[in-house]
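Thanks for coming. I have one model to go through today, and I will keep to two parts of it.

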Amino acid sequence: MEEVPQGCPGTGSAQAGRGASCQGCPNQRLCASGAGAAPDPAIEEIKEKMKTVKHKILVLSGKGGVGKSTFSAHLAHGLAEDENTQVALLDIDICGPSIPKIMGLEGEQVHQSGSGWSPVFVEDNLGVMSVGFLLSSPDDAVIWRGPKKNGMIKQFLRDVDWGELDYLIVDTPPGTSDEHLSAVQYLSAARLDGAVIITTPQEVSLQDVRKEINFCHKVKVPIIGVVENMSVFVCPKCKKESQIFPPTTGGAEVMCQDLKIPLLGKVPLDPHIGKSCDKGQSFLTDAPASAAALAYRSIIQRIQEFCGHHQPKEEHLVGS
């Protein structure tokens, strides 16, 4: 018989997989998701907090470097162009928080009031929250295990004074790990609209996106659609198109047809997008007539239409 680790609260305990002695145990996740574990009280607290947020959207990617944070930022900028629409962007990429830089908020600090943490505002109707605001320097490394990351996400959702919002956009790290499970666990009970998945055209990116789609199906997150980033490059001088990332298996279009999920659109590769992000400005404002800006606007409109027609269900997920 296997020896019980010292300090183990036992699988029937409400602290199973959640106690201090559980951290680092290989069976922690199994115990936390077991029948004996009590539901996390934060689920109900976050559900109550999120009653003032109409639409909640996750932005996911299977692989890093495909432009997920860039898309999240421009989705927020695009939605907030309507002054009557209240938007917030939450960055839960704990180890690689790039949203402060992209949104022109590097060096800003979080302020605390009686109603909780206050988001940092880009415009009167566009607030941002990120772990990057809690670091003393943008070069500081966040070296945290899963439980601490989960605690930070819980705090962002429960303790930030989000106020009345039309849209909460959640920028996630690449993959399907702790941060994603936490976000889904806490937001599903609070009526999560769905996920937008970002990819580039080449098979090495699509391979990981298929895993992301499978993840969404397993945890019952609706898929709003897929965005193909960096789909083609148009030379500004000769106007010739070049495929920087060749779609050897047909790109996102064929993948979406095969898996029967919507392709929201294709955003061409435009060097000005990177320049705008480095300057912390909106590319939609910097180059409003560009092909990439028009593609962004078309995709944003489709996301708005999805949220307008789709009625998300409340679900309770046990465990992490």
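This is a predicted model: local features need pLDDT of at least 70, side-chain atom pairs count only at pLDDT 80 or more; totals for chains, interfaces and linings use all residues.

An unreviewed UniProt entry lists Cys8, Cys22, Cys25 and Cys31 under "binding site". These four span 24 residues in sequence, but no two of their C-alpha atoms are more than 10.5 Å apart, so they gather at one spot.

Cysteine 8 is in the segment before helix H1, which covers 28-32. Cysteine 22 also lies in the segment before H1. Are they buried or exposed? Cysteine 8 has 38% relative accessibility, so it counts as partly exposed. Cysteine 22 has a relative accessible area of 8%; the cut-off for buried is under 20%, so cysteine 22 is buried.

Now the strand. Which residues point which way from E2? Val87, Leu89 and Asp91 point one way, Ala88 and Leu90 point the other way, and all are buried. Note that the buried set includes an aspartate, Asp91.

What does E2 pair with? Strand E6, residues 126-130, runs parallel to E2 and is joined to E2 by 5 bridges. Strand E7, residues 165-171, is parallel to E2 as well, again with 5 bridges. Leucine 89 shows up in both pairings: leucine 89 stands opposite valine 128 in E6, and its bridge partner in E7 is isoleucine 169.

Key:
Residues are numbered from 1 along each chain as its sequence is written. Side-chain values use heavy atoms; hydrogens and water are left out. UniProt positions are given in the numbering used here, feature names are shortened, and annotations may be inferred rather than shown by experiment. Helices (H or I, at least four residues) and strands (E, at least two) are DSSP runs, numbered from the N terminus. Buried means under 20% relative accessible area, exposed over 50%, partly exposed in between (1.4 Å probe, protein chains only). Two strands pair if DSSP finds at least two bridges between them.
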